[in-house]
Amino acid sequence: MKTRKREFPKFRYRECDAFAEYLHKQSLQGWHFKEWKLGLVFEKGEPKDITYTVEVFPKGSEMDLRPGENVQEYAEFCARAGWKLLDSQRKFCIFKQIDENAVAIVEPEERLQNIKKAEWQNWRDTSITGLILAALYLYQFWKFDFEEWIFSNYMLLVLVLMVITAICRMADAVLLKTWENRKRQEIEQGEALSFGKCKSMTIFGRYFFYLFVVG
């Protein structure tokens, strides 16, 4: 009988509550999160109703694979609030509730700020270079190489893919801004914030979209 398993779920920073709920459902099935090592590692045990919270640590880095010194200091602060750090990666920190009277680690406004900054930084890191290259290719296409590229299937393919990617990244920025405004309205109206799963085109959906347009 398998006693360990490794899962590879995909969650964005603005889906941290959906991430925590995923871990909770695993614990109800007897799979308890142990560490983050080439995926999420779970060990088989008795089903338990374990409460998790997943926080976005603003001082973390996208290159972090293990808890660093700053995360350890953050963990000590969270332990006093009733939460035990299990592991962290990138800016995600996974906590398990260890005190039935545990309180929220951060206030809703601060939590939104941490998540928003992490999302925008991730968008910039993955988008700016591609947007600049797409703009340069389009400029060169229209100004200098139109007659040559218009009859080159290879160059047209590269150009189309770059433009589609740029459009998708800009659409991501619009969706992120819309999400941010909606969360701010929830705070102003006194509603309880929840960072659940967001509806958007998956990576596989985008590939199919690319193939469709190119075809």
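I looked up Ile132 first: it is partly exposed, with a relative accessible area of 48% (buried is under 20%, exposed over 50%, partly exposed in between; 1.4 Å probe, protein chains only). Ile132 sits in helix α3; helices here are DSSP runs of H or I with at least four residues, strands are runs of E with at least two, and both are numbered from the N terminus.

Next I checked the surroundings of Ile132. Together with Ile128, Leu133 and Leu136, Ile132 makes a nonpolar surface patch of about 340 Å² accessible area. For such patches I take residues with over 30% relative accessible area and no salt bridge, joining nonpolar side chains (Val, Leu, Ile, Met, Phe, Trp, Tyr) within 5 Å and like charges within 9 Å. A salt bridge is a Lys or Arg side-chain nitrogen within 4 Å of an Asp or Glu carboxyl oxygen, and areas are Shrake-Rupley with a 1.4 Å probe, only the protein chains shown counting as cover for residues.

A note on the source: this is a predicted model, where local features need pLDDT of at least 70, side-chain atom pairs count only at pLDDT 80 or more, and totals for chains, interfaces and linings use all residues. Numbering runs from 1 along each chain as its sequence is written, and side-chain values use heavy atoms, with hydrogens and water left out.

Then I went inside. The largest nonpolar core has 34 residues, and Phe19, Leu23, Phe33, Leu40, Val54 and Ile94 have the most contacts within it. A core is a set of buried Ala, Val, Leu, Ile, Met, Phe, Trp, Tyr and Cys residues joined through side-chain atoms within 4.5 Å. Helix α3 gives the largest share of this core, seven residues.

I followed Ile94: beyond its neighbours within four places in sequence, its contacts (heavy atoms within 4.5 Å) include Phe19, Leu23, Phe33, Trp36, Leu40 and Val54. Another core, of 12 residues, lies apart from the largest one and includes Tyr74, Ala75, Trp83 and Cys93.

On to the strands, which pair if DSSP finds at least two bridges between them. β3 (residues 40-44) pairs antiparallel with β1 (residues 4-7) over four bridges, and Arg4 faces Glu43 across that pairing. β2 (residues 31-36) also pairs antiparallel with β3, over five bridges, with Glu35 opposite Val41. In the β2-β3 hairpin, three residues separate the strands, and Leu38 has a positive phi near 55°.

Last, the overall tally. I get six helices and six strands, and 39% of the 215 residues count as buried.
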